[in-house]
Every structure is written in structure tokens, then in C-alpha cells.
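This report walks through a model chain by chain. Please keep the sequence and the structure in view while reading.

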Amino acid sequence: MIAIDLAIIWAFIIAFAVFVYVVMDGFDLGLGILFPLFPEKRDRDVIMNSVAPVWDGNETWLVLGGGGLMAAFPLAYAVLMPALYTPMIAMLLGLVFRGVAFEFRWRTTKERNRWDIAFFGGSILATLAQGIALGAILQGVHVEGRHYGGGWWDWLTPFSILTGVSLVIGYSLLGATWLVMKTEGALRDRAYHLSWIFLLAMLGAIGAVSIATPFLHVQYTHRWFAWPNILLTAPVPVAVAAVTVLLLRSLANKYDYQPFFLALALFALSYAGLGISMYPYVVPQSITIWQAAAPANSQLFMLVGVAGLIPLILGYTAWAYWVFRGKVKPESGYH
Amino acid sequence: MFEGWDAVVLARAQFAFTMSFHIIFPAFSIGLASYLAVLEALWLATGREVYINLFNYWLKIFAVAFGMGVVSGIVMSYQFGTNWSAFSDKTGPVIGPLMAYEVLTAFFLEAGFLGVMLFGLNRVGPRLHFLATLMVAIGTLISAFWILSANSWMQTPAGHTVNEAGQFIAADWLKVIFNPSFPYRLVHMVLAAYLTTALVVGAVGAWHLLRDRHLAGPRVMFSMAMWMATLVAPIQILAGDQHGLNTLEHQPVKIMAMEGHFESHKDGAPLILFGLPNQSAGRVDYAIEVPKLGSLILKHSLDAPMAGLDTVPRENWPPVPITFWSFRIMVGLGFLIAGLGLFSLLMRLSGKLYDSRLLHMFALLMGPAGFMAVLAGWITTETGRQPYTVYGLLRTVESASPLAAPAVASSLIAFIIVYFAVFTAGIIYLLRLMAAPPHPGEEGPSHEVPIRTAGITPAAGAVAEGAAR
């Protein structure tokens, strides 16, 4: 009984860590994707400075998601990682390029563009790979015993490409609305413009993924549309529509903060939709969270740490954001 | 392409390659974070400008090195799953939580306060800023604690049982965490990190003293670094010896490989200084050895019998030549570092610390010695525990992911290309930062308005010390 409860608790903890990662690294990966749309060095400096103090903490949630999965659901980690081999390696290499660009681009004058290209290329590669990985998980992987049993290109399908592109669009929206919040003047006007474009694209992407998902497995169709499940699932698309209206209104009224947080709400709803589709599987249609769960004493041992430390972590992370609050001034760059 | 290759060998090559690159950065940033905390504390306590100049100087270097450590570290955290999935499934319940605690107690602490440490001095004020520096330094040490605990458990597993799915599960978490080799490995590694940083700081100081022996910043950093070498290198030799005795107790086969002891010696084993270990023939060719010294060092008795690899089935032998040589490189460098410490002490006592060009040349040459010793030490301990991932319990070949060789070969090539491109550039930037001497009014890595030390001097009335000091 305790084991069952722990598996659900841990499923929520991992889901929370991954969501916090998507929320926090999503906008800073989005800034990298938007980089080519801001060719002025002055604008790029501001964009970089808006996120430089916090990007490292943002990426730590990715390590917690991966490390937590290994610790709490080792079987799922052991099956999914080889199944997603190519997208995972691509993501890691992308993160290398964009991560070093934060410091390297200030360390050189003549080659500056090289690290700007690395920042853009690494960001879009990592995002595409994350989106593809998500699609590949949703469509399910071939499991044999306690191992991945498929080939190293199984992940590549039209659906995984769709989710990859969708995530690029989604992170771009987060990046654009972040810039609305953190910048001023012409830069912010451009960010408003981009927010419109990426919001419309994001709605298209949400629609396409929502239509495609039920065709992957009959279970997904059943989960969403069968009676009485529909009573619980119907509010999700309704809420998406409501948030969209608010977001459009906030962009039309040129609010500073609302667009970013409403874009996050849109992400949260999409994420909840994913959770509804997947539950209770951690490897869809093959391995449930209970089958993958580590022994209770491992999950319990970590739960103590998580319960005590996550609030503390959220606290000092919030403090770091508070220290660097407000608009980033272009004239403050001295490099 | 690569169809005939062994996927496990490729996966090992990839792990060794990415790990070797990664370890360089934490080895440096553990020591440097502590050094920065000391510099900032000295600045707060004395108000002397030279300390804040040095702090800002090394902070810029820290920012670049730390960034490289973070990105190469994320690679490591996912590689357990991508390339060693069978290992992850079986050991996840035991070492997974140790790594999760590393993330929760160390990575977040470092990352959460790093932004304030790098860019926040003029936003939060000196005291809160010092707290951030301290948190980052403590974070690096906590990180070392957990990751070395996990590694040590793989070397000397304890406190576990095995469940019906074949997974290791913890029976006693304290025994898992404080497994037999952990305290020795932790001390040895943290001291290694401090020495590595001291050698880099000393070399940078020496480089600038060679050009101008009156510069205030280089004098202070050189003196501090040489104190570290003088005091800590002998302690490190002692700690290494104790770690070796612990290894003899728990992983005797590793010691046999390190010593090149293919044959058993009933009445006193020699110490083989040099030679060419011949794995297939099971002997050391052209060995130069001191009779009975091996037994004296390892068993503290000239005639103590010592078993050799001839008592171990061949399929359980580690690769002897690599283990044998990497161990000698580490020990040789260790004694050279201690020699530098001793030489600097003699020069210090005779008042020539800042004037001896010979000492400065020596210190400059020893700049990379810490990195080389750390790498050689890790190669010794990781190669010497083969053919196992969990010592004596889980073989390396049973740990790998079910991946086709072309997949691993492709990723290995990608890692080699990207790492050489990215980290070569990073090391050039680091060397460029180190090539310029610290100067009065040194700015931190902040991309904002330059910090003017006059505005944030902690002790009221502290007078700026010019370059004349």
C-alpha cells in the first residue's frame, strides 16, 4: 500500500521537476531560438543579460528530472534513454554549445558571431530534440524484458517531428513573452510582434498534436473521449481556449507581465493534457509507474530530501530572480 | 560502418572521454570556489583592495570554467541511461538517490547563488554577496561528497541486498553512503582539487612575477598558492598512502595491477619502479625493482607475503599496463608538487619567494601538473576496478545499453569533435584571461555597470592600495 502511494507521489515529483524545467529553461532556450531575429549586437547583449544570472539554475531542473527518474523509476530510465539515444545525445550536445556561449561570447570581440551562432544552433537543436523525445515517448517504445528492444532510429516518425517543431514554437513564444516582460522600447515592440506570431503558431501546434495523439493508441482515444472520462478531460480544452483569449487580450493591451505568465499557463495546460494521456504509464502502453518504481526504501529515502529541500530551493531561486528583477537596461552593458 | 566494432568498448571509450574532459573542470572549480571565498573573506576583514582585485580577477576565470563544468556534467548525468542502461536499472535504487541528493543539496545551491556571485555584488551588497560566494563554495564540496560516495559504492559496495528483479537495493543507507573506500577517496579528491587550483593560481602568479616581480596581485596569489603546496602536498601523500592501504584491503587485485605484481611473493614482494607490464605473458618486462620494498610499503614488513595476479582468474584481471603507468604518473607528479612546496618554503624562509626566477619557472611549469595527476589518479582507480562496474558484483559487459555499435560510434565521434572545438576555445579564453595581470580596480564578470571598489569598500576608511605595494 505504501509502495503504491510512493509511486504516485514520485510520478508527481518527476512530472513537477520536468515541468519546472520546461517553464524555466523553456524561455531561455526560446531566447536562443529567437536570436537570429534580433541581429543587433546591442539587442543581443540585452537578451543575454536578461537570463545570464539564472540559466544555470534553470538547467539544474533537467538534471533533477533525469537523476530523479533514474533513482525513482530506474526501469523507465533504463528503457527510455537507449530508446531516445539520438535525440538525447543531440540535446546534450546542443546544451553544450548554448551553455558555453553565455560566457564565451563576452570573451571575444572578433569572433563574437561564432558564439551567437552556437547559442542559436544549440538552443534550437536541444529544443527540437526535447520535443522529438516527447513525441517518441508518447508513441511508445519497443520493450523486451527489462530492456529497450528497438533500433536506434525508431524515434523518427512524422508525429515525433510534429512534437519537435511544436516545442520549438512553444519555447519561442515563452522567449518572446519573456522579452516583453524584461525589455523596453523597440526591442519590446518587436517581442510583442513575435509573441503574436508564435501564439498563433502555438495554437496551431496544440491543435495538431491534440488531433494526432488519439490516433497513436486506442487507449489515448478512450482516455479522452470515453464516458465518464470526458467529464474530467473536457475542461482542459475549455481552459486552453480561455487562456488564449486572455493572452490575446494582454498582448492587445500591451501588458508587461501577463503575456509571459499566460503563456506559461498555456504550457501547464498542454502538460496536464500529456499527463492525462500517459497516466499511469511511464513508458506508454508498456511500463506503469508501479512496475518501474524503485523499492520503497529508495523512494522514501529521497522523499525526505525532496520534501525538505525543494521548498528551500524554490525559495532561494525566487530570491535570485528577485535580485535581478525588472527591465534589463541596454546601456548597462560594458562589454 | 562500425558494424564489426564492439559496442561496449565504444561505450567505454565514450564514457572515458567525456568523463576525462568533465573531471578537469570540477577539480578546478572546487578549489577555486573555496579560494574565492577566502579572498572575499580577506577583503571583508581587511578592506585591502588587492583582495577584491584578485577576487574579481579569478571570478571571471571561475565563470568560464564553471560553465564548461556544468555543460559537460549534464552530459554525464544522462549518459548513465543512454549508454549504461542495464547498470542504471540494476543500481538505480542505490546510487540514484545519492545522485539525486547531489542535485538537491549541491547543484541547486551552486546554481542558485552563482548568478548573485557573478553579477550581483552591486545589487545585494558585500555581506550578502559573500554569503552567495560561500554557498557556491559549500555547494562544490557537497557535490564532491555525494558523487564520490556513489563512485566509492561502485568500488567498495556495502549496505545493500539484491531483489528478485536483480536490482541492488539499500539495506542500510548509512553503510551505503559511508562505504569502506569513501572517506579515503573524498579526502584524496578534495585535497587534489585544492592542490590543482593552487598550482594554477601559483603558475599564473609566477608568470606575472617573471615579468614584473613588484606586482601586488601576483605576489599575493603566488604566496597563497605556495603555502597551499607546502602544507597540503605532504598531507596528500599521506592521504594517498592511506587510500592505497584501504584499496589493498578491499580491492587487492587493483593493487596487484598498480604494482605490476603478476606473481605471488611468499617472502616479501619487490617494489617495481619501472618496467613494461606484459598482460598476455603475465610478467613485467625490463623491470627495475627494489627487493622487498613493496611489502614494506603496503604491509609495513619486509617479509610479508603478497599474492599476485597468478592467484586471480585471467578474466578478472584489469588492464595492467594502463593501471601500472597511470599510477606511476600520479605518484611522480605528487612528489614533484611536494618538491615545489618544499622549494618554495626554502625560498620563503630565505626571503627570496618573489625573487627566485628558478622557483617561478618551476611553478609555471607545474601549472597543469594538478590536472595531470587528477586524470592519472582517476584512470588508475577506474581502470584498476575493471572488469566490473560494481566491484565483484556487476561486470562492465553486463552493464551496457542494448545499442548497435554504429549508434555509439557516431555519438563518440560527435562528442570528440564538439568537445575539442568547444573546450579548446574555452581553454584559450581562460589562458587569455590569465595572461593579463590583475590590476587595481579589476572588474568582475558582470555585464552591467563596472563595479567601482571605492563605492563598496567594506571597511570604512580603508585606503586603496596602489600597484606600488
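Residues 301-324 of chain A are 96% helix and 0% strand. The end C-alpha atoms of that stretch are 35 Å apart.

The UniProt record, an unreviewed entry, lists residues 301-324 of chain A under "transmembrane region". Residues 6-39 of chain A are 85% helix and 0% strand. Their end C-alpha atoms lie 50 Å apart.

Helix α1 of chain A covers residues 2-34 and contains F16(A). F16(A) counts as partly exposed, because 16 C-beta neighbours lie inside 10 Å. F16(A) and W61(A) are separated by 45 residues in sequence. In space, their C-alpha atoms are 9.5 Å apart.

Is helix α4 of chain A, residues 74-83, enclosed or open? The helix is largely enclosed by the rest of the structure, because 10 of its 10 residues are buried. Among them are P74(A), Y77(A), M81(A) and P82(A). The buried set also includes L75(A), V79(A) and L80(A).

## Loops of chain A

K254(A) sits in the loop between α11 (235-252) and α12 of chain A. Its phi is near 55°, a positive value in a residue other than glycine. K254(A) is exposed, because 12 other C-beta atoms lie within 10 Å.

The loop between α12 (258-278) and β3 (281-283) of chain A holds P280(A). The peptide bond leading from Y279(A) into P280(A) is cis, with omega near 0°.

## Chain B: overall build

Chain B has 14 helices and 6 strands. Its C-alpha atoms fill a box of roughly 70 × 50 × 45 Å along the principal axes. The radius of gyration is 24 Å. A compact globule of 469 residues would have a value near 23 Å, so chain B agrees with that expectation.

Buried residues make up 54% of the 469 residues in chain B. Of the contacts in chain B with a separation of 6 or more, 76% join residues 24 or more positions apart.

## Local features of chain B

Strands β3 (residues 271-278) and β4 (residues 283-290) of chain B run antiparallel and are joined by 6 bridges. L271(B) has V290(B) as its bridge partner in β4(B). The two strands form a hairpin with 4 residues between them. G282(B), in the turn, has a positive phi of about 70°.

H300(B) lies in the loop between α10 (293-299) and α11 (320-349) of chain B. Its phi is positive, about 60°, although H300(B) is not a glycine. H300(B) counts as exposed, because it has 9 C-beta neighbours inside 10 Å.

Chain B has a cis peptide bond from Q386(B) to P387(B), with omega near 5°. P387(B) is placed in the loop between α13 (369-384) and β5 (388-390) of chain B.

## The contact between the chains

The contact takes 60 residues from chain B and 60 residues from chain A. On the side of chain B, α2 (49-83), α3 (85-119), α4, β2 (168-170) and α14 (405-435) each supply at least two residues. Which element of chain B gives the largest share of that side? The answer is α3(B), with 23 residues. By type, the side of chain B that touches chain A has 39 nonpolar, 18 polar and 3 charged residues.

## Confidence

The model scores ipTM 0.86 and pTM 0.87. In chain B the mean pLDDT is 87, and 94% of residues reach 70 or more. Confidence in chain B is highest in helix α7 (residues 182-211), at a mean of 95. It is lowest in helix α4 (residues 121-124), at 82.

Over residues 448-469 of chain B the pLDDT is below 50. Beyond near neighbours in sequence, this stretch has 38 contacts in the model. Where pLDDT is low, predicted coordinates should not be read in detail.

Conventions. Residues numbered from 1 in each chain as written. Chains lettered and ligands numbered in written order. Predicted model: local features only at pLDDT ≥ 70, side-chain atom pairs only at ≥ 80, totals over all residues. Buried ≥ 20, exposed ≤ 12 C-beta atoms within 10 Å, placed from the backbone. Rg over C-alpha atoms; globule rule 2.2 N^0.38 Å. Contact = placed C-beta atoms within 7 Å. pLDDT = per-residue confidence, 0-100. UniProt positions renumbered as here; feature names shortened; annotations may be inferred. Nonpolar A, V, L, I, M, F, W, Y, C, P; charged D, E, K, R; others polar. Pairing = 2+ DSSP bridges.
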